[in-house]
Amino acid sequence: MQAVIPYIEKLIAIARSKNIPVIFTKIFNDSKELTTPGKRRYLKWIEMGEDPMVGPKEGTFGADFYQLMPEAEDITIIKYDWSAFSGKDSTKVDRSAAYM
(Lines give C-alpha, C1' and ligand atoms only; values in the text may rest on other atoms or scores of the structure.)
Protein backbone atom coordinates (compact mmCIF):
# COMPACT_ATOMS: atom_id res chain seq x y z
CA MET A 1 0.00 0.00 0.00
CA GLN A 2 2.79 2.42 0.88
CA ALA A 3 4.32 1.99 -2.59
CA VAL A 4 1.38 3.70 -4.32
CA ILE A 5 1.44 6.85 -2.15
CA PRO A 6 4.05 8.74 -4.24
CA TYR A 7 2.05 8.05 -7.40
CA ILE A 8 -1.18 9.26 -5.83
CA GLU A 9 0.60 12.37 -4.53
CA LYS A 10 1.82 13.09 -8.06
CA LEU A 11 -1.69 12.64 -9.51
CA ILE A 12 -3.16 14.93 -6.85
CA ALA A 13 -0.54 17.60 -7.59
CA ILE A 14 -1.29 17.42 -11.32
CA ALA A 15 -5.04 17.64 -10.70
CA ARG A 16 -4.64 20.66 -8.44
CA SER A 17 -2.35 22.39 -10.94
CA LYS A 18 -5.04 21.99 -13.61
CA ASN A 19 -7.91 23.02 -11.30
CA ILE A 20 -9.39 19.53 -11.40
CA PRO A 21 -11.35 18.82 -8.22
CA VAL A 22 -9.66 16.44 -5.79
CA ILE A 23 -12.08 14.37 -3.72
CA PHE A 24 -11.25 12.69 -0.42
CA THR A 25 -13.64 10.35 1.35
CA LYS A 26 -13.91 9.04 4.88
CA ILE A 27 -16.20 6.17 5.77
CA PHE A 28 -17.26 5.80 9.40
CA ASN A 29 -19.29 3.15 11.20
CA ASP A 30 -22.64 4.45 12.33
CA SER A 31 -25.62 2.18 11.80
CA LYS A 32 -27.99 5.07 12.55
CA GLU A 33 -26.78 6.91 9.43
CA LEU A 34 -27.15 4.08 6.89
CA THR A 35 -29.18 4.52 3.72
CA THR A 36 -31.97 2.04 2.95
CA PRO A 37 -29.70 -0.26 0.88
CA GLY A 38 -27.07 0.04 3.59
CA LYS A 39 -29.59 -1.00 6.26
CA ARG A 40 -30.53 -4.06 4.21
CA ARG A 41 -26.85 -5.05 3.86
CA TYR A 42 -26.27 -4.38 7.56
CA LEU A 43 -29.14 -6.66 8.59
CA LYS A 44 -28.10 -9.36 6.10
CA TRP A 45 -24.55 -9.41 7.47
CA ILE A 46 -25.90 -9.70 11.02
CA GLU A 47 -28.17 -12.60 9.92
CA MET A 48 -25.09 -14.33 8.51
CA GLY A 49 -23.19 -13.83 11.79
CA GLU A 50 -20.75 -11.37 10.21
CA ASP A 51 -19.57 -7.96 11.42
CA PRO A 52 -21.39 -5.43 9.23
CA MET A 53 -19.21 -2.45 10.04
CA VAL A 54 -16.83 -1.33 7.28
CA GLY A 55 -14.70 1.27 8.99
CA PRO A 56 -13.74 2.90 12.28
CA LYS A 57 -16.00 5.00 14.45
CA GLU A 58 -15.64 8.75 13.98
CA GLY A 59 -12.96 10.20 16.27
CA THR A 60 -11.22 6.87 16.95
CA PHE A 61 -7.85 5.47 15.85
CA GLY A 62 -7.80 4.84 12.12
CA ALA A 63 -10.57 7.33 11.41
CA ASP A 64 -8.37 10.17 10.14
CA PHE A 65 -6.52 10.57 6.87
CA TYR A 66 -3.09 9.00 6.68
CA GLN A 67 -0.24 10.60 4.72
CA LEU A 68 -2.49 11.99 1.97
CA MET A 69 -4.29 15.03 3.37
CA PRO A 70 -6.96 17.23 1.76
CA GLU A 71 -6.24 20.90 1.29
CA ALA A 72 -8.75 23.73 1.71
CA GLU A 73 -9.84 23.64 -1.95
CA ASP A 74 -10.37 19.86 -1.98
CA ILE A 75 -13.73 18.19 -1.47
CA THR A 76 -14.05 15.92 1.56
CA ILE A 77 -17.04 13.61 1.73
CA ILE A 78 -17.91 11.98 5.04
CA LYS A 79 -19.94 8.80 4.59
CA TYR A 80 -21.57 6.39 7.01
CA ASP A 81 -22.38 3.81 4.38
CA TRP A 82 -20.56 1.50 1.97
CA SER A 83 -20.61 3.75 -1.08
CA ALA A 84 -18.57 6.94 -1.15
CA PHE A 85 -20.47 8.43 -4.10
CA SER A 86 -24.12 7.84 -3.33
CA GLY A 87 -26.60 9.69 -1.20
CA LYS A 88 -26.77 13.30 -0.11
CA ASP A 89 -23.03 14.00 -0.36
CA SER A 90 -22.89 13.00 -4.02
CA THR A 91 -24.12 16.52 -4.86
CA LYS A 92 -20.65 17.77 -3.89
CA VAL A 93 -19.22 15.55 -6.62
CA ASP A 94 -21.91 16.63 -9.09
CA ARG A 95 -21.13 20.30 -8.44
CA SER A 96 -17.41 19.74 -8.84
CA ALA A 97 -17.97 18.13 -12.25
CA ALA A 98 -19.25 21.49 -13.50
CA TYR A 99 -15.71 22.83 -13.20
CA MET A 100 -14.23 20.23 -15.55
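Which backbone nitrogen does the side chain of aspartate 74 reach at 2.7 Å? It is the backbone nitrogen of glutamate 71, in what is called a polar contact (a pair of N or O atoms within 3.5 Å; within protein, one must be able to donate a hydrogen and the other to accept it, and residues adjacent in sequence count only if both atoms are side-chain atoms).

A word on the model comes before that. What you see is a predicted model, in which local features need pLDDT of at least 70 and side-chain atom pairs count only at pLDDT 80 or more, while totals for chains, interfaces and linings use all residues. Residues are numbered from 1 along each chain as its sequence is written, and side-chain values use heavy atoms, with hydrogens and water left out.

Let us start with the overall layout. The protein chain has three helices and two strands, and along the sequence they follow the pattern α-β-α-β-α. Here helices (H or I, at least four residues) and strands (E, at least two) are DSSP runs, numbered from the N terminus. Of the 100 residues in the chain, 26% are buried; buried means under 20% relative accessible area, exposed means over 50%, and partly exposed lies in between (1.4 Å probe, protein chains only). Contacts, meaning heavy atoms within 4.5 Å, also tell a story: among those between residues at least 6 apart in sequence, 69% join residues at least 24 apart.

Now step inside. In soluble globular proteins, nonpolar side chains tend to be buried together. A nonpolar core is a set of buried Ala, Val, Leu, Ile, Met, Phe, Trp, Tyr and Cys residues joined through side-chain atoms within 4.5 Å. The largest one in this model has seven residues: Ile5, Ile12, Ala15, Val22, Phe24, Phe65 and Leu68. Helix H1, residues 5-17, gives the most to this core, with three residues. Leaving out residues up to four places away in sequence, valine 22 touches Ile12, Ala15, Arg16, Asp74 and Ile75.

The structure also holds one aromatic pair. Rings of Phe, Tyr and Trp (its six-membered ring) pair if their centres lie within 6.5 Å; planes under 30 degrees apart count as stacked, over 60 as edge-to-face and the rest as tilted. The rings of phenylalanine 24 and phenylalanine 65 have centres 5.4 Å apart and planes at 80°, so this pair is edge-to-face. Phenylalanine 24 lies in strand E1 (residues 23-27) and phenylalanine 65 in the loop between helix H2 (36-47) and strand E2 (75-79), so the pair ties together parts that are 41 residues apart in sequence. Both phenylalanine 24 and phenylalanine 65 are buried.

Back to aspartate 74, which lies in the loop between H2 and E2. Aspartate 74 is buried, with a relative accessible area of 10%. Beyond residues up to four places away in sequence, aspartate 74 touches Arg16, Val22, Phe24 and Met69.

At 17% relative accessibility, lysine 26 counts as buried. Its side chain is joined to that of aspartate 64 by a polar contact of 3.0 Å.

Phenylalanine 28 is buried at 4% relative accessibility, whereas lysine 32 is exposed, with a relative accessible area of 72%. The C-alpha atoms of lysine 32 and tyrosine 80 are 8.6 Å apart, though 48 residues separate them along the chain.

Most residues other than glycine have a negative phi. Asparagine 19, however, has a positive phi of about 60° without being a glycine. This asparagine 19 sits in the loop between H1 and E1 and is exposed, at 65% relative accessibility. Glutamine 67 likewise is not a glycine, yet has a positive phi of about 70°. You will find glutamine 67 in the loop between H2 and E2, partly exposed with a relative accessible area of 37%.
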